[in-house]
Each structure stands twice: as structure tokens, then as C-alpha cells.
Amino acid sequence: MTVSNLKYAKEFEPCEQENLRKTGAFQYGMYILVFKGNELVAFSEGVSIGIKKRATSVLHLAGERVVGGPHEVVEEADGNIWLRHENQGYTFLELSDSKTASSFSHNTYNNELAELNIPNVWKCAEQVCQFVSKSINAERVMVYQFHEDWSGEVISERIGADTESFLGLRYPPTDIPKVARTLYLELKTRHLFNVKTPTPLIVEAKDVEETDIDLSHCLSRSVSPFHVEYLNNMGSASTLSCAIIVENKLWGLLSLHFSEKRLVDIHEFVFFQKLSIDISAAFSWAISSQREMLVTRSQNAVNRLMQRLEEEVEPFQTLILSDVALHKISGGQGISLFIGSEVSSIGLVPSQEDLVKIRENLSSNFDVGNHFCEMSPFDFTLSNNVAGMAICIISKAPFCAIIIFRKGLDQTVAWGGDPRNYSISEGEVLRYTPRKSFEKWIENVEGCSAPWSEQHKSAIESTFSSVKAFLEVDNAELAILLRSGMRRALKKKENLRSVATDVIDSITSGIAIGIEQGATASNSVVAINNVTAESFNISHSDFLGASFTDFSASIGIDWETSAGSDKPITINTVTNGIRDVKVRQGLLFEYFDIGRIKDSFMRLVIYEFIDITEATRIKNSLIAAREKAISENNLRNEMMAKLFHELKTPLHGLLGLSEILRRRFEVIDDIKNKTLIDSLYQSASLMRDVVEYSLSTSSLVDTVDEQNFRKISVNKLITEVVALVQPLADKKQVTLELALMGDVEIYAEPRGIRQVLINLIENGIKYNVENGSVTIRTELSDYGRISMVVEDSGAGMTAEQIAKCTQPYQRFSNLDGSGLGLSIAEALMRNMGGQFEISSKVGVGTKITISMGAETEIAA
């Protein structure tokens with residue numbers, strides 16, 4: 001699971017304080033009666049006297065307990081089904097008002113999932129989705145897993161043919177607030193059958209208040225208006241969610257989305273109450289099995305380390321230098337041992353300067369024990385792309401610590417919409433607003449390592465316990481043994497060089513050379529691998545002890561020039577001829593004493609030459625192909641532009657002549673011929689629009705380049721465009737209204753943003769009603785963006801029309817036009833890096849919002 005670094009609100013006060021237990025209302029389509037003892041104290045609107053009488057008898061009928069909860073299903077003699085439960089001294093009876101036969105029955109459910117033994121969480125999720133999608137006809141069936149911060153991620157789904165996929169998308173904690181998560185632990189399922197206005201609870205007992213009655217466990221309890229708005233924005237007419245509970249904690253949800261409302265159904269409730277128990281058991285087994293496998297694997301690694309320690313009886317050699325060293329069994333890429341002022345390291349570690357600063361922070365900031373982090377806990381960024389650390393403070397006197405390092409990963413988090421856009425600041429108040437877009441939004445996460453799993457943490461802790469038990473030492477004594485082992489290794493450098501040789505010999509994919517640096521050796525060659533010997537036709541001993549500068553010169557490398565450069569270098573090998581290579585450096589071992597770094601410093605490094613010859617050739621071929629494609633595209637655009645310009649002249653002539661003929665036939669009142677001429681005129685007009693669209697898109701859209709961007713005054717731009725389209729508004733008897741805030745500048749392509757506004761306002765005028773209006777206003781939106789809104793009072797569009805309106809040549813009326821205005825506007829905004837949003841309601845009008853980044857503060 002990738003950890004997000006995004007700063008966004010984790011809770012919204014209105015959601016967290018919302019009373020979801022005592023809502024005082026129910027979903028439409030259900031009768032609810034509340035008894036206190038034998039007295040009917042409250043009921044939902046629409047409950048008849050007959051239902052009240054039946055409820056009184058149902059109150060004492062024997063029922064069948066629903067598995068795992070407080071509910072009972074009570075069946076009357078005529079077959080009607082009631083749902084009954086008790087809560088805080090009240091008895092609740094629920095009855096569906098639908099006469100339609102249920103699609104669920106006692107025979108529908110089987111125990112298939114109860115026997116689902118899959119030792120993998122994701123495979124288990126796939127099987128659950130597959131089973132449920134076969135049983136229930138839903139547009140979306142998905143498994144949603146919560147993370148530690150209560151954000152969630154869709155880990156499996158089954159969807160209909162025309163349904164957008166949410167697989168892999170992350171959602172913030174505010175989507176399912178704390179109060180809702182708590183209710184899932186109690187009731188296990190949540191059924192939203194429709195989003196109609198809820199039915200109110202009517203309290204008729206004088207000694208009972210509406211706020212006394214806790215509706216938490218009612219099947220048909222009404223839902224939050226925030227949730228209803230959220231589902232409307234998502235395009236769902238009804239939903240069903242089922243808790244996945246693991247170790248008494250809400251691990252995730254099975255969620256179903258429907259495009260149509262559903263009948264209130266008690267059988268459905270019974271079905272999913274059973275299902276919740278079985279899928280929770282299936283996931284519990286999968287998680288437990290997966291954990292056991294990882295624990296076994298981790299313990300096997302610890303056992304191998306302990307076996308090596310029993311052979312060597314040298315903790316420094318085993319924990320730091322061996323092939324089963326502590327960082328290698330815990331998912332680290334490097335390790336540093338700090339004892340007093342001495343530091344020794346292997347693998348991927350920060351620079352020497354950073355290690356000194358880390359040592360300064362360890363004594364005062366960390367207690368004895370193990371501390372795990374995915375990012376640097378210090379107030380400075382670590383070098384060499386190091387991020388995660390397991391800080392193991394072994395002893396304070398003498399001071400001893402081991403740090404296992406992990407590299408930073410360039411990771412991404414795919415969000416279902418931008419999680420920062422779920423609130424509106426009103427003064428000091430943060431108001432929750434369910435987002436309207438669920439389009440994938442990518443967050444790039446840098447400076448963070450993979451998380452430390454419980455198994456890796458356990459391996460580290462188990463290793464220290466086992467080592468101390470085997471050596472029969474305490475923490476301080478282990479520190480002394482580690483220091484003694486480190487100093488012995490430094491005196492016997494041949495042991496360290498032997499370790500370096502073993503590592504280098506194991507590299508078979510490219511040239512690898514081991515170098516010793518320090519006070520007593522300056523870039524001396526200590527080992528080469530077989531590939532190096534074969535590539536340059538030399539023996540392993542030819543250059544041992546020689547300087548790397550002399551070795552480089554003998555094989556034709558200008559190392560003094562290449563050493564500090566990230567650029568590839570060229571080498572000439574005996575086996576493969578001239579090759580392009582990239583040099584990668586790794587740390588085999590490093591030691592220094594902070595009090596005397598220059599005199600004590602000793603380092604073994606490895607230079608690995610990675611062959612990138614073929615990759616370079618492919619890259620150059622792709623660059624050449626791209627340049628050729630751009631050249632051909634420019635040539636094609638130029639030819640098309642010339643062709644369309646040539647077409648404009650005869651088209652204008654045809655339009656002019658047809659207009660003259662229209663007027664002439666109007667004078668002589670020749671209806672038949674006038675109709676033919678009108679058709680000719682309309683066809684020629686459409687052809688002209690196609691030509692002009694092709695010219696505008698080939699010239700205007702293609703010029704949307706950052707080099708053409710300028711600072712533009714928004715109010716000046718809008719005023720100029722309104723003056724330009726005012727004659728069209730006057731002709732159509734449409735009022736243009738401006739509501740502009742203080743002036744602000746945006747950064748955009750001048751011709752592009754001007755054309756967008758012209759198209760939007762002209763559309764608002766053209767498709768408006770008589771004596772209608774078009775309002776153009778500016779707003780300051782989130783994150784300093786400026787929004788320009790064009791809102792008309794026209795006929796509006798359906799959801800289907802909204803989905804198609806930005807496609808070229810889409811027209812929804814008989815008015816003149818080619819259906820190209822919105823497609824051009826949307827393409828221009830997209831190419832300028834802006835936002836383009838449409839909302840519309842039939843009979844009310846259409847609102848189009850375009851947004852760009854602001855360049856200056858709003859004028860007072």
C-alpha cells in the first residue's frame with residue numbers, strides 16, 4: 001500500500017457530528033412501527049389503522065433469528081414478512097409496502113463463501129465479487145479495503161459493460177466518516193433502496209420524544225443528505241454495502257451500486273446479513289494465512305542468520321557483512337552500525353556528511369528499542385535517495401545503534417477525484433461538499449520508502465532477541481562484541497576484500513570492478529568479475545592493487561572526465577566491440593571515526609558498467625520517428641489548410657447566390673422553389689462551418705503552446721468578447737449580464753481563451769429562449785484558480801446530451817450550426833491545461849465553467 005503525502009482534510013465536522021442514529025425518518029417504501037412495551041409510541045407516515053392492528057399481534061409472534069444480529073423475521077399467516085428488533089427499551093417492526101415478489105428467498109443463499117479457503121486477499125476479493133455478481137444484478141460489485149488512515153481503495157470489482165471502472169482508485173476517509181464506520185460494526189449491512197424524500201417518524205406518545213428513539217438498527221433508516229448527494233454525483237440510484245469485519249475491526253466493505261431504485265426487501269437484508277458473516281470469515285482466513293506464510297518466511301530467514309552466527313560466533317560478521325545480514329532479511333538496501341563515534345556501513349546508505357548528522361540526532365531523540373519510519377525523521381533530506389529507516393538503538397552506554405535503510409520510491413496514488421476538492425472554506429468554517437467528479441486523479445509520491453511490514457519488524461526484533469540469547473549477553477555487552485568484531489575486521493582487511501570479491505564475482509550481467517579508497521589506499525583495484533576479464537582480455541590478477549586511474553587508461557576510459565558525470569560513456573570491448581555504458585556505483589563497505597574522519601576513513605566500492613547500447617539505439621530511432629511524424633503532420637496540415645482555403649471562395653459564392661435566390665422567390669411567393677433554395681443554403685452553411693472548424697482546429701488548437709502563453713486581464717477579455725457578440729444577443733432578444741469580481745490575470749494562450757469565451761457565449765445566446773438571459777461571472781475557486789462561468793436560461797440538456805455535447809458535429813436542435821462550438825472550446829481548454837465543466841437541467845438552462853491558474857491577487 002502506497003502511503004499518500006497529500007495534505008487534505010481527514011474529517012469534516014458536519015459529517016462527523018451528523019446524527020445517523022436518531023434521524024427521525026425512513027426510506028420511502030417501508031412501514032415502521034415503534035412500541036414501548038405493548039404501547040405503540042411512534043410510526044412512519046402512511047401507516048394505516050389496519051397495519052397498526054396487525055403490528056400489535058406480530059409483536060408477540062414467534063420469529064426466526066437473523067444470524068449474527070438482534071433482528072428476527074416474523075411471518076404472518078398470510079405470508080407477509082416483518083422484521084423485528086429491540087433497542088434501548090423499544091421494539092421496532094418493519095414491513096415493506098411492496099406487493100411484488102422478492103428476488104431473494106431463503107433458498108437463494110448457500111454457504112459457498114463460508115468454505116472459501118484462499119490464502120491470498122486479492123484472490124479472495126475476486127472470488128467474492130464473482131459470487132455476488134452472479135447472485136445479484138448490479139451495475140457495480142466491488143471490494144473496498146480500508147487503510148490505516150481510513151482512506152480506502154477498490155481492490156476488486158465486477159462491472160457492467162458501460163460502467164466506469166473504479167479498480168485501484170483510492171478514496172479519502174471523508175467518504176465513509178467515523179460515525180458511519182461505527183454503525184457498520186453494529187448492523188453489518190447498509191441498504192439504500194432509493195434516494196426519494198424520506199418518510200418522517202410520527203411520535204404520538206406524550207412521554208416520548210423523537211430524539212429518544214434510536215433507529216441505528218432499522219433496515220430502512222434514512223441516510224445522510226451528504227451521502228445522497230454523493231451518490232447522485234456518482235450516478236447511482238441505489239446502493240448496498242456489506243461490512244467485512246476482521247479481528248473485530250472494520251477491514252473493508254463489499255459495495256454494490258445500481259442504476260435503478262430497488263424495492264425495499266427484508267429478504268435482501270437477511271441474505272446480506274448472512275453474507276457479511278461468511279465473507280468476513282473468508283477474508284479473516286485469507287489474511288491469517290497470508291500472515292502465517294510471511295511469518296514463516298521471515299522466521300526462516302532469522303533461522304538462517306542464527307545458523308551462520310553459530311558457525312562464526314562473530315555478531316559483526318553475521319549481522320553486518322554476511323549474505324544473511326540484518327538488512328537482507330528485513331527488506332533493506334543498506335545498513336550502518338554506530339558505536340560511539342565509529343560508523344561502518346554497507347549497501348545503500350546516506351552520504352558520510354549525512355551519517356555524521358544522523359549520529360548527532362540518535363542519542364537525544366531515540367530511546368532504546370526499534371523505531372520504524374518510511375520517511376526521514378530528521379529535519380534534513382537524506383542523500384542517495386534514502387528514505388525509510390529501521391532505527392535500532394541497542395545501548396546507550398556504550399552508545400550502539402544499527403540503522404537499516406530503504407531507498408525512496410517514485411510511487412503514485414490513483415485517487416477517485418482530487419481529494420483536496422471536497423471542502424469549501426467559508427471564513428474559518430470548512431464546509432463539506434460531496435465532489436462531483438470521480439475521474440482518476442494521480443498523486444505522485446516522492447521521498448517515501450515501501451512501508452515496514454509487521455513481518456519485517458518481527459524479523460528485526462526476533463533477530464536481536466535470538467542473538468542475545470545465543471551469546472548470553474545483554475544490550476551493552478552485545479554493543480561491545482559488535483565494536484570488537486568491527487575493529488578485528490578492519491585489522492584483517494583481507495576478510496573485507498574477500499567479501500567484496502564474493503559480491504563482485506556474483507555479478508554476471510555486466511562489467512564489475514571493486515575499488516578500495518581511504519587513508520591507506522587511493523582508488524586501488526581489489527577485484528574484477530569474469531565479465532570484466534573476458535571483455536578486456538585480462539586476468540583477474542593483472543591489475544590487483546593498481547590504481548583505478550591506471551586500469552581505466554589501459555582499457556581506454558578517460559575516468560577523470562567520466563567519474564563525476566551522469567552521462568553514458570563509450571568503451572571498446574574484445575567480446576562485443578564498442579558499447580555505450582552507464583556507470584553505477586555501490587557501497588560494499590565503509591568505515592570512519594567521526595572524530596578523525598580523514599585519518600580513519602576506509603571504503604570499498606563497486607563500479608558496475610551497465611550496457612545501454614541497444615536502449616540508446618532504440619531511443620534514437622524513436623526520436624527520429626517522432627521528428628519524421630511531426631514533419632509529415634505539419635506538411636499534411638499545411639496541405640489541408642490550403643485545400644480548405646481554396647474551398648472557401650466557391651462556398652461563399654454559393655451562399656451569396658442562394659441568398660439572392662431566397663429573396664427573389666420570397667417576392668414572387670414561390671413556396672416550393674424557396675424551400676429547395678433554403679435547403680441549398682443550409683447545406684452550404686453547414687459545409688462552410690465544417691471548413692471553418694477544420695481551419696480553426698488546425699491553426700488555433702495547434703498553436704496552444706506554452707511559448708504563446710501570456711498574462712491576460714480576465715475582466716478586459718470578457719468585456720471585449722461581450723461587445724463582440726452583443727449584436728447576436730440583440731437579434732435574439734437575449735440579455736447579457738455581467739457579474740465580475742475584482743480584476744485578475746490568468747496565464748493562457750490569448751487567441752485560444754478568447755475563442756473559448758466566444759463559443760460559449762454564442763451557444764448560450766443561440767440556444768436560449770425568447771427574452772432569456774446569459775450571465776457571465778467570475779469566481780475564485782480552490783487553489784488559486786480563476787473560474788469563468790457562462791450560464792444561460794435556455795432549454796438545457798439531458799444527461800445523455802451532456803455526455804455527447806463536446807464531441808464534434810453533435811447537434812440537439814434544428815437551429816443553424818454545426819455542433820462544433822463546444823468541442824472546440826473543450827479541446828482548447830484541455831490543451832491550455834485548464835478545466836472545463838458542464839452542468840445542465842432540462843427546462844432550466846446550462847452552466848459551463850472554465851478555470852485557469854491565476855497570476856496575480858484579486859484587486860481590492
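Modeller: The largest cavity holds about 640 Å³ of space, a volume being the space filled by probe spheres set on grid points that are joined across faces, edges and corners. The model is predicted, with local features requiring pLDDT of at least 70 and side-chain atom pairs pLDDT 80 or more, whereas totals for chains, interfaces and linings use all residues. Residues are numbered from 1 along each chain as its sequence is written, and side-chain values use heavy atoms, without hydrogens or water.

Two cavities of 30 Å³ or more are counted (a cavity is a set of points on a 1 Å grid over the protein atoms alone where a 1.4 Å probe fits but cannot get out; lining residues have an atom within 4 Å of a point). The largest is lined by 35 residues, of which D175, I176, A180, Y184 and H227 are the closest to its centre. Two or more lining residues come from each of β8 (140-146), α4 (178-187), β11 (189-192), α5 (225-234), β13 (238-246) and β14 (249-258) (DSSP runs numbered from the N terminus: helices are H or I of at least four residues, strands E of at least two). By class, the lining comprises 22 nonpolar, nine polar and four charged residues (Ala, Val, Leu, Ile, Met, Phe, Trp, Tyr, Cys and Pro are nonpolar; Asp, Glu, Lys and Arg charged; the others, Gly among them, polar).

E247 is a residue other than glycine with a positive phi, near 55°.

Turning to helix packing, α3 (residues 121-135) and α6 (residues 266-312) have axes 9 Å apart at an angle of about 160° (axes are lines fitted to C-alpha atoms over the stretch in contact, with angles from 0 to 180 degrees between N-to-C directions). The two helices are therefore roughly antiparallel, a label for angles over 145 degrees. Contacts, meaning heavy atoms within 4.5 Å, involve V121, W122, C124, A125, V128, F131, V132 and S135 of α3 with F271, L275, I279, A282, F283, A286, I287 and Q290 of α6. This contact has 14 nonpolar residues, two polar and no charged.

A second pair is α19 (residues 750-766) and α21 (residues 821-831), whose axes come within 9 Å and cross at roughly 150°; α19 is therefore roughly antiparallel to α21. From α19, G752, I753, Q755, V756, N759, L760 and N763 meet G821, L822, I824, A825, L828 and M829 of α21. Here eight residues are nonpolar, five polar and none charged.

Finally, the peptide bond from A397 to P398 is cis, with omega near -5°, and P398 sits in the loop between β18 (386-396) and β19 (399-407).

How values were computed
Parallel < 35°, antiparallel > 145°, perpendicular 65-115°, else oblique. 1 Å grid on protein atoms, 1.4 Å probe; cavity = no way out; pocket = protein on both sides within 12 Å on 5 of 7 lines; lining within 4 Å.
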